[in-house]
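This briefing is for a reader meeting the structure for the first time.

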Amino acid sequence: MSDRTVGLRTAAEYAHTFLTGLDDRPVVARTDAAGVRERLGGPLPERGEQPDAVIRTLVDGVEPGLVASAGPRHFGFVIGGVLPAALAADWLVSTWDQCAAFHSLSPAAAAIEDVTAAWILDVLGLPATASVGFVTGGQGANTTCLAAARHAVLAAAGWDVERDGLIGAPPVRILCGAQAHVTIDTALRFLGLGAATAIRVPADSQGRMDPVALHQVLTSGTGPAIVCAQAGNVSTGAFDDIDAIATVCAEHGAWLHIDGAFGLWAAAAPGTRHLTRGVERADSWAVDAHKWLNVPYDAAMAIVADEQAHLAAMSLAGPYLVADPGQRDSTNFVPESSRRARAIPVYAALRSLGRRGLAELVERNCAQARRMARRLGQIPGAEVLNDVVLNQVLVRLPGGDDANRAVVAAVQQDGTCWLGGTTWHGEFVIRVSFSNWATTDHDVDRSADAIMAAARATSATG
């Protein structure tokens, strides 16, 4: 009998070394993709290699190209780290190798999805009767939710989109704020609704959709309508006035979807819960677990208030597929059939944090964002552009777009921390995001010092 554990010890030893050094590791990669290809590429070997040798080769080749994005000083893209319990559970997911599509393939995976879904709905303050699909990320969550929305609004207009497609269907109006995340556009493209068809509702200086303008736009037209609101602007962290938007949507019979990839976690903390007022009134919600919940990648939730609409959009059937009446067949809530049991690390993260620990994580990162804003605001001529209500900081340094780009490049190259830039109201600005469980105030101050040093050096050479 073959030894199924060959290679695991080597991988575990390396993982231990990597994780124990992660806090002090330079955040920047030491080489680019070409350097990694040079180490790992070439013709496929004619003969297979032993697992230990494969793992050692893989580690040696990959190491220089790794970005320490799971570390405490990566402040780009709203990327979380990995909680120890979630990481360990993720290893078990691969060890158990369960297909989470059907109850008959894994009663354990089905049960954990049920339990975890109930916990998620509870901590986010969403209806306990909502259905939850565990998808790959915010893109998958937005796409799944908008598929359910497409079904529901067209069914109300007398059209079966799953059976008859979109050709000849009543036109669907999509309305979203001017600062809607790009995954909304991509989801509309995937669903055949068209990325450019969305009506952009004016937003204020923080990126919040204007409910009065939304009412005016909805009043100006007729027919099926889907409104996409935002819980946590990806640049400013600002929240749309969800309660007011929900009232407008109810008046016009529009489906309300909330893109809350990272921002919906604000509902789990007393200090930020007010930002999510009215969130329970929506029809669907998208939220990531690998952002603020600090779960390994391939973990997000598509949540739909109307389970039947969710099932109509996603369900799978076939003569060879074994359904267990009364049991959860998880494939019916997500786009994929064969998939890993991705709810298990989410379960582990929630259980390891508990309700109090999750709230403390959210509030600690928000406090660190305010700390960073205060530090960077001390740079002569710098301007903090957003109200730091959550975990995002937007800073504009003096010297124009080129100077701000130069500072971002210098910080990334230095390796003390990693941050990105974005375009905000036509100007290139610096964006700093906090969502890692391991980030300390010392990490914030150390990173702020590095950013300030880069700003001084850039100013001196500019």
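Strand S4 supplies three residues to the lining of the largest cavity, which is the largest share. The model is predicted, and it holds one cavity of 30 Å³ or more.

**The largest cavity**

- The space in the largest cavity amounts to about 70 Å³.
- Its lining includes Cys228, Ala229 and Gln230, and strand S4 covers residues 225–230.
- Also among the lining residues are Gly177, Gln179, Ala180, His181, Ile184 and Gly207.
- Asp240 and Asp259 line the largest cavity as well.
- By class, the lining of the largest cavity has four nonpolar, five polar and two charged residues.

**The largest pocket**

- Rolling a probe the size of a water molecule over the atoms shows where empty space is left.
- The largest pocket contains about 910 Å³ of space.
- A total of 33 residues line the largest pocket, and those nearest its centre are Ala15, Phe18, Leu19, Leu87 and Trp91.
- Helix H1 (8–20), helix H3 (51–62) and helix H4 (84–96) each give at least two residues to the lining of the largest pocket.
- H1 provides five residues, the largest share of the lining of the largest pocket.
- The lining of the largest pocket divides into 26 nonpolar, five polar and two charged residues.

**The seven-stranded sheet**

- Seven strands form an open sheet with mixed pairing, in the order S1-S7-S6-S5-S4-S2-S3.
- Strand S1 (131–135) and strand S3 (199–201) are the edge strands, each pairing on one side only.
- On average, neighbouring strands of this sheet are turned by 20 degrees against each other, direction ignored.
- Strands of a sheet pair through backbone hydrogen bonds, either parallel or antiparallel.
- Which sense applies to strand S2 (residues 173–177) and S3, parallel or antiparallel? Their pairing is parallel and runs over three bridges.
- Leu175 has Ile199 of S3 opposite it.

**Helices packed on the sheet**

- Helix H9 (residues 211–219) packs on the sheet, where it touches S2, S3 and S4.
- The direction of H9 makes about 165 degrees with that of S2.
- Helix H5 lies across S1, strand S6 (284–288) and strand S7 (300–304).
- H5 runs at about 110 degrees to S1.

**The pair H5 and H12**

- Two packed helices are described by the angle between their axes and the distance between the axes.
- For H5 (residues 107–124) and helix H12 (residues 343–376), the axes come within 10 Å and cross at roughly 35 degrees.
- The crossing of H5 with H12 is left-handed.
- On the H5 side, the contact is made by Ile112, Glu113, Val115, Thr116, Trp119, Ile120, Asp122 and Val123.

- Strand S10 (residues 420–424) pairs with strand S11 (residues 427–433) in the antiparallel sense, over five bridges.
- Trp424 has Glu427 in S11 as its bridge partner.
- Two residues lie between the strands of the hairpin.
- His425, in this hairpin, takes a positive phi near 50 degrees.

How values were computed: Residues numbered from 1 in each chain as written. Predicted model: local features only at pLDDT ≥ 70, side-chain atom pairs only at ≥ 80, totals over all residues. Heavy atoms only, no water. Axes fitted to C-alpha atoms, helices over the stretch in contact; angles between N-to-C directions. Helix = DSSP H or I, 4+ residues; strand = E, 2+ residues; numbered from the N terminus. Left-handed = near helix turned anticlockwise from the far one by under 90°. Contact = heavy atoms within 4.5 Å. 1 Å grid on protein atoms, 1.4 Å probe; cavity = no way out; pocket = protein on both sides within 12 Å on 5 of 7 lines; lining within 4 Å. Points joined across faces, edges and corners; volume = space filled by probe spheres on them. Nonpolar A, V, L, I, M, F, W, Y, C, P; charged D, E, K, R; others polar. Pairing = 2+ DSSP bridges.
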